[in-house]
Every structure is written in structure tokens, then in C-alpha cells.
Amino acid sequence: MTDAQPDRPQGAERPWLRQYPPGVAAEIGPLPHPTVPALVDAAVKKFGDRAAFENFGVRLSYRDVDHLSRDFAAWLQQGLGLKKGDRVAVMMPNLLQYPVALFGILRAGMVVVSVNPLYTPRELEHQLQDSGASAIVIFEGAAAVLQQVLRATPVRTVVVASVGDMLGLVKGTLLNFVLRHVKKMVPAWSMPGAVRFPEALARGAGLRFEPPAVDTEDLAFLQYTGGTTGVSKGAMLKHRNVLADVEQVHALFRGTIKEGEEVAVAPLPFYHILALVMNCMMHFSLGSRQILITNPRDIPRLVKTLDGSGFTFFVGVNTLYNALAHNAEFARLDFSAVKVFGGGGAPLQLAVAERWKRITSRPLLEGYGLTETSGAATINPPTITDHTGTAGIPTPGTEIEIRDELGNALPLGGTGEVCIRGPQVMAGYWNRPDETARAIGKDGFFASGDIGQFTSEGYLKIVDRLKDMVLVSGFNVYPNEVEDVLAAHPGILEAAVIGVPDEHSGEVVKAVVVRKDPSLTAEAVIAHCHANLTGYKVPKQVEFRDALPKTPVGKILRRELRAR
């Protein structure tokens, strides 16, 4: 782990520079903002009463976000007595409360622990224990999950947010009633002492906020990932890491997206690194109006939200683009204002990209990155007219080498591990120095675990993965974790997990099982996994075998299972 950046190769060794739009430099200059609080202050001063975030038709201005996040920061600081560097978890879908809590935590000098609101009790317990989170802001639909494990975690303060909290008395009350009592989407929960989000804001409004000294090298986020192994661990992202990625993406798009002009749709959740950087951070700094999509799986509602919105920027994943491309109402929308349709999280399928272009007359701009690189490492430039079938070109200030098994850089066109160096690369894994040393070399290159190659024009093509990770709709599934859950079933002797192609989600999880109990059914295996894993990690296919292929030393050969 090192912040030092050795000299980069000369331009002749970086053919992607020739693909940069006119005026885009090879490197980014000094960051415009040293910290996220500084970014927030600058945006509020510049864009004031302009709408910043919109959800269910209700808008918050930049000034609203300023005073509400300050109130929340004051409550954390003065009301709870939390200090700079304390970890605060955020476990919500995209709601207006999300940026308020997010910016409030960071303005108080604390660290955001991003948590998927679909986690099971087991997954949530691990992340809260590992991060040492002192408090959590949680969507009420997930509160029952937290209730089951709260006593086993270091969390001492629970803030519960409802969908309607910030939508006004009439609309908010009605929506909360429908979700709780009509659609039954909020399981019963009870946590004595839990504070409702509006109450936390009200208390904070009566307290004096004292901004701590936050430095560019301070930790801003713990973003959990399996990394290059199956153990879930927190990628430590400093303020400068995240803000560097914001600047790198903006640099490539500076001629396309303009300050104070954009309407950016946010269908991907802010707890995902792609949406956090590409939407929440970048577009707040640009004075954009961001439309928060709470449930992107509700395609009819999403299409209705897009209709007439005048949206100009949209970043999604292949599965979402595929669903929209097959929706008749979506095809009737007006796309004349759209400047960017971006894709990441998982490879974009060519058939989807081609159908998208026919419907919208706009190409899909695919990108590539990881949690450990604060999001984007490569993006297709906005000057392309058709999907390139690649993950794009390295962003300004990013260096990528393709390396062989011995760590040697391969010549252009060679196939090997994608290794990334740049200001956006994480500081390391939280409390895991050994894992950090394995992932980040002394030269500052992060070994991604993905296999790729550069085209002669400098476009990166991801051709395979070193790790056995399965990509389901842009989310990582690590076989070791699923196999551990399967092994806990009394009717299973052995199990291996692989990914298999799926036209809807890219891949799905398949479990290959050797039974201990001859009467064990696939339905029972799946039910067991549902009780212990988030939905996208649960096997969609179960195959029973008499034995699993293994090496002479007994290691299960997943690659042989995939080949079959």
C-alpha cells in the first residue's frame, strides 16, 4: 500500500490517450475540493436554490441539503457524542434521507459504512461487527433484520427512516400507510430507543454544529467487497480517493455534461460504488438535479418517472437496460435531451446495446471499475457513436497494465491480469494488512483479479476472471460464502458454487451438491440459502451429483464444473 506514484510510461505506451476527446489531458490536476465537506460547501454556495435531489415528485434544493445535513451532523456530534473517525452505517435504498445522512456523516468527520438494505441477519452482523459501527441509519423495511442481530454488534444508536419521512405530511403519510399496511412491505420490528429520522433532524436543529478539521487523507467510506477472495472486507476509501474518481470521470465528460444543466437519473443504489461516485458525488458537484429511484425493479413506475422529466444522464446495469428495452412504454419516451447512457457493474451484452441504440438513438457507454478503485477505472468516451464491445479507455490519471502470472507487464494485445494504479485506488482493506499487501503491490498497482487485454486503439476488453466470482446483475457473489452456507445444511455432504449464463441477469448462481440425506430436494437447498443470503446470492439452479471433481490434494475444481 503506497500513495507514491512512480513515473508513468510515455504516451506511446498508452494508446488510449489518442481516444480522449479534444481538450482532455492525460492527467488530472489538483483536486478542486480536498474533501467531501468542501465539495458540499462549494456546491451549496454556487447552486443554492437549484433542485439537488428529487424523489416521488418532492425536491430538496442545495440549500435544503446543506441545512438538513448540518442538522444531522450536529445531532451525531453533539447529541450522540460521536467523534471524528467513528463509523456510521447507512442501510437504505435511494431516498431523500440518503444524501442528507451521507453528507451529514462526512461533514461531521465520520466514516460512512455503506450497507445493502437486502442483507440477511448473518451478513449484516458481520459487516457491523467488522466495521465497528457505532450507529446505523436504516430503512424501516430492513429494521426487523437488524433487530435480530443488534445485540451482537457494536451499534448503540439506531435511526429508522421511512419512505415518506421527507415527502410532506399528506403524501408521506399516505405512502407510509400503503407500504406498511396495504403492500405489507415493512415487517414488524421493535427496538427500544430507536430514533426516527425526522426526530434526529429536529434534535440536531437545536444544536450547534462544530465542523471538525477534515483532511484529504482522512477515511471517508468503508465499502464492503469480497475483493480477490471470498471474505467480505471493507475497502478503505479516503476523501481524496473518491474525489479523484469524481474528477477523472468529469474530466472525460467535461465537453458533454455542463454545470447547472443536467438532470441525472439515479436508478442504481447509492450504497453501490458506481452510483455513489457517478451520481451522488459528481452530479452534486455539478449542480445537477438528481432523480432518485427507490425501486428500479418497478419498471412501469420508473418509466412513468422518466416521462417528461427531461433527463440528460442515466447510469444503469445490463439487466436494467434489458428490462427497459423490452418495455413498450419506454420506447415511446422522448430521448432528445439525453447526453449519456452509461453502463457498469457487469458487462453489457451486445444484443442489449444494439437494441438500445435502435430505440434511443444513443449508444451505451460501458465502463469498468471495482470498489477498490472507488468506481470507474475505464469508460468509453462520450464521442463514440456505437457500443464498442469493450469496457472503454482508462480515465485521465489512471494507469493500467496487463500482467502475466509472474507480474510482468505484457505488450499491447497480451492477455493477463488487469492491474490498476491511480489516485482513486483504495488505501487498503480495513484491519486486513495481509489482504492489502496481496492486493496492492509496492509499485502501487492494484491486482484486480480480472483478466483482460487492450485493443490496438487502447480500449480495455475484460475477457475472463481469475477469481471465481459470479456477477449477478452487477453485484458480486463469492462462491466461498455461498458454499459455507450450504455446508451448514445437515443434509449436504459437499457443495460447490459456480456462475452460469443467464439472459436476464448476466449470470446466476448454481450449486452442485453431494447429498448426505438422499431425500434432500433442490427446494430445500434453496430455502436454506434464502434464510442466510441476500436474494441475488441464492442459487437459482441446484444439481445433485455423487461426487465433485477435485485436485490430488482435494481442492474442488470449479473450472471443471463450469466446463461441463
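Me: In which loop is serine 505 found?
Reply: This is a predicted model, in which local features need pLDDT of at least 70 and side-chain atom pairs count only at pLDDT 80 or more, whereas totals for chains, interfaces and linings use all residues. Residues are numbered from 1 along each chain as its sequence is written, and side-chain values use heavy atoms, with hydrogens and water left out. With helices (H or I, at least four residues) and strands (E, at least two) taken as DSSP runs numbered from the N terminus, serine 505 falls in the loop between strand S24 (492–502) and strand S25 (506–515).

Me: Is serine 505 buried or exposed?
Reply: Buried means under 20% relative accessible area, exposed means over 50%, and partly exposed lies in between (1.4 Å probe, protein chains only). Because its relative accessibility is 11%, serine 505 counts as buried.

Me: Which backbone oxygen does the side chain of serine 505 reach?
Reply: A polar contact is a pair of N or O atoms within 3.5 Å; within protein, one must be able to donate a hydrogen and the other to accept it, and residues adjacent in sequence count only if both atoms are side-chain atoms. At 2.8 Å, the side chain of serine 505 reaches the backbone oxygen of glutamate 507.

Me: How many salt bridges does a search of the whole structure find?
Reply: Side chains of opposite charge can pair when their charged atoms come close. A salt bridge is a side-chain nitrogen of Lys or Arg within 4 Å of a carboxyl oxygen of Asp or Glu, and the number found in the whole structure is 30.

Me: With which residue does arginine 122 form a salt bridge?
Reply: The closest N and O atoms of this pair are 3.0 Å apart. The pair links distant parts of the chain, 359 residues apart, with arginine 122 in helix H4 (residues 121–131) and its partner in helix H15 (residues 479–487).

Me: What separates the C-alpha atoms of valine 36 and lysine 238?
Reply: Valine 36 lies in helix H1 (residues 36–47) and is buried, with a relative accessible area of 1%. Although valine 36 and lysine 238 are 202 residues apart along the chain, their C-alpha atoms are separated by 9.9 Å.
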